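We will go from stop to stop, picking residues as we go.

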Amino acid sequence: MTVNVLFAAHADRWATYDAPLRAAFSEFGLSAHLAQDLPPNQVDYIVYAPNSPLQDFTPFTRAKAVLNLWAGVEAVVGNPTLTIPLARMVDPGMTKSMTEWVAGHVMRYHLGMDRHIQNPEHRWEPHTPPLAAERRVAILGMGELGSAVAEVLTALGFTVHGWSRRERHLARVVMHHGATGLAAALSNAEILVLLLPDTPATENTLNAETLAHLPRGACVINPGRGPLIDDTALIEALDSGQVAAATLDVFRTEPLPADHPFWSHPKVTVTPHIAAETRPVTAARVIADNIRRGETGAPFLHLVDRTSGY
């Protein structure tokens, strides 16, 4: 039987995903009709981007699942018309991209690369950094991405502390959880990586109070979500020296407004939301696998917990 799959994302994404999705459907033995425009009552699955014009799911009476193209679901999880299963994107290509980006910026701060890259006065000042085993890195958010980043950093030799809302165990990572564990994780963060989802509970996780728990001169790396940080508190911490530097890839408003103080702050590096992009070829296989599961009665992968928001 042929399943009808609606591609509900901005039109410019169609050319990027059309061929990879068709190839993945074939690989997984699916007979699928993929289109950008289908009668709502004939749609079986929706491949979805939250910034799609589609915001009312009520007419899709036959649909079995919405398969998100992004890891983040904060823009759609609260939609009251979406009552069928919602799967977030856990893309191996995206995960690899994130681990490479974070590892690069962790190594930048660990080795003190900026002192040599930016040396206009041509100072000869030898500086031997500690070994990775002597450097403590903390990761807030130990889901798929956080766990993958931790695995890479521990392989490089770093002492890694991880924090999650609930108790978890991960080999070679010193794990913390809950409200009391947050302070412990932050106090061990010479380099801090934020990989939490964007939910009401995580907004302003990094604020004036929590920034004070960091070792003085810590570095902050945020490829997670913009609202995780109180921007004003971070700027104050940078100005006081409590935080030595920050690399920020995500922001409350994107693109980051040209007059935002992050652009001009000498201790801030702005990157334009490039740490982890969904990769069409690998993401298409994740989507095809979930459709195959839906058609064979197997459980969907990466289902969103509506109560937690991710």
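**Stop one: an aromatic cluster**

Select Phe7, Trp14 and Tyr17: together they form one aromatic cluster. Before going on, note that this is a predicted model, in which local features need pLDDT of at least 70, side-chain atom pairs count only at pLDDT 80 or more, and totals for chains, interfaces and linings use all residues. Residues are numbered from 1 along each chain as its sequence is written, and side-chain values use heavy atoms, with hydrogens and water left out.

How many aromatic pairs does a search of the whole structure find? The search finds four, where rings of Phe, Tyr and Trp (its six-membered ring) pair if their centres lie within 6.5 Å, and planes under 30 degrees apart count as stacked, over 60 as edge-to-face and the rest as tilted. Phenylalanine 7 and tryptophan 14 make an edge-to-face pair, 5.4 Å centre to centre with 65 degrees between the planes. Phenylalanine 7 is buried at a relative accessible area of 2%, and tryptophan 14 is buried at 17% (buried means under 20% relative accessible area, exposed over 50%, partly exposed in between, with a 1.4 Å probe and protein chains only).

**Stop two: the five-stranded sheet**

Now colour by secondary structure; helices (H or I, at least four residues) and strands (E, at least two) are DSSP runs, numbered from the N terminus. Five strands make an open, parallel sheet in the order S2-S1-S3-S4-S5 (two strands pair if DSSP finds at least two bridges between them). S2 (32-35) and S5 (86-87) stand at the edges with a single partner strand each, so one side of each has no neighbour in the sheet.

Zoom in on S1 (residues 3-8) and S3 (residues 45-48), which run parallel and are joined by four bridges. Pick alanine 8, and its bridge partner in S3 is tyrosine 48.

**Stop three: helices across the sheet**

Show H1 (residues 14-27), which lies across S1 and S2 and runs at about 175 degrees to S2. Axes here are lines fitted to C-alpha atoms, for helices over the stretch in contact (heavy atoms within 4.5 Å), and angles run from 0 to 180 degrees between N-to-C directions.

Next select H9 (residues 280-296), lying across S1, S3, S4 (65-68) and S5 at about 160 degrees to S3. Its buried residues include Ala283, Ile287 and Arg293. What do the buried residues of H9 pack against? They pack against S1, H1, S3, S4, S5 and H2 (92-111).

Select S7 (residues 159-164): five of its six residues are buried, so the strand is largely enclosed by the rest of the structure. S6 (residues 136-140) pairs with S7 in the parallel sense over five bridges, and valine 137 stands opposite valine 160. With H4 (residues 144-155), S6 and S7 make a right-handed β-α-β unit; right-handed means that, with the strands pointing away from the viewer, the path from the first strand over the helix to the second runs clockwise. S7 also pairs with S8 (residues 173-177), parallel over five bridges, with serine 164 opposite histidine 177.

S10 (residues 218-222) runs parallel to S11 over five bridges, and S10, H7 (residues 231-240) and S11 make a right-handed β-α-β unit. S11 and S12 (residues 268-270) pair in the parallel sense over three bridges, with alanine 246 opposite valine 268.
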